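The following account considers aromatic contacts and a nonpolar surface patch in turn. Please keep the sequence and the structure in view while reading.

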Amino acid sequence: MVLLSPSGGPEAHFAEAGFTSADPNVKLPGYDTVWQSAGDTLAADHPVTLTWDNGAGLVFKRTFSVDENYLFTVAQSVENKGAAPVSVVPYSRVVEFGLPKDYAALAIREG
């Protein structure tokens with residue numbers, strides 16, 4: 001059973017977490033951002049935190065954790081070390097492109 005498949009591939013199915021801002025001047029992490037790890041290997045009861053400094057006073061953090069039932073949690077935060085207030089909003093989503101390979105068979109059985 002395939003749970004996730006990379007973005008851009010056929011039948012892509014992935015989870016995404018990030019940050020957005022109404023201010024286009026706020027430098028936000030993107031898909032190609034290189035994060036710094038503050039932990040070893042992710043394991044049950046052993047979360048891993050990734051940090052990225054945008055160079056303009058904002059430090060972004062993502063903490064990944066997984067439990068014994070393989071439930072993943074991503075906690076996001078931003079620390080403003082600058083003098084001016086900044087509005088940043090975290091988001092997350094699960095994205096699926098295309099229909100499952102057996103969609104027609106499923107539709108016939110359920111219909």
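Strands are DSSP runs of E with at least two residues, numbered from the N terminus. In this predicted model, leucine 42 is found in the loop that runs between strand 2 (36-37) and strand 3 (48-53). With a relative accessible area of 32%, leucine 42 is partly exposed. Together with Tyr70 and Phe72, Leu42 makes a nonpolar surface patch of about 370 Å².

Attention now turns to the aromatic rings. Ring centres must lie within 6.5 Å to count as a pair, and by this rule there are two aromatic pairs. One of them joins phenylalanine 19 and phenylalanine 60, whose ring centres are 4.8 Å apart with 65 degrees between the planes, an edge-to-face arrangement. This pair connects distant parts of the chain, since phenylalanine 19 belongs to strand 1 (residues 13-20) and phenylalanine 60 to strand 4 (residues 58-66), 41 residues apart. Phenylalanine 19 and phenylalanine 60 are both buried.

How are the rings of tryptophan 52 and phenylalanine 60 arranged? Their centres are 5.6 Å apart and their planes meet at 35 degrees, so the pair is tilted. Planes under 30 degrees apart would count as stacked, and those over 60 as edge-to-face. Tryptophan 52 is buried, as is phenylalanine 60. Phe19, Trp52 and Phe60 together form one aromatic cluster.

Technical notes:
Residues numbered from 1 in each chain as written. Predicted model: local features only at pLDDT ≥ 70, side-chain atom pairs only at ≥ 80, totals over all residues. Heavy atoms only, no water. Phe/Tyr/Trp six-rings, centres within 6.5 Å; stacked < 30°, edge-to-face > 60°. Helix = DSSP H or I, 4+ residues; strand = E, 2+ residues; numbered from the N terminus. Buried < 20%, exposed > 50% of the residue type's maximum accessible area, 1.4 Å probe, protein only. Patch = residues over 30% accessible without salt bridge, like charges linked within 9 Å, V, L, I, M, F, W, Y side chains within 5 Å. Areas by Shrake-Rupley, 256 points an atom, 1.4 Å probe, with all protein chains shown as cover. Salt bridge = Lys/Arg side-chain N within 4 Å of Asp/Glu carboxyl O.
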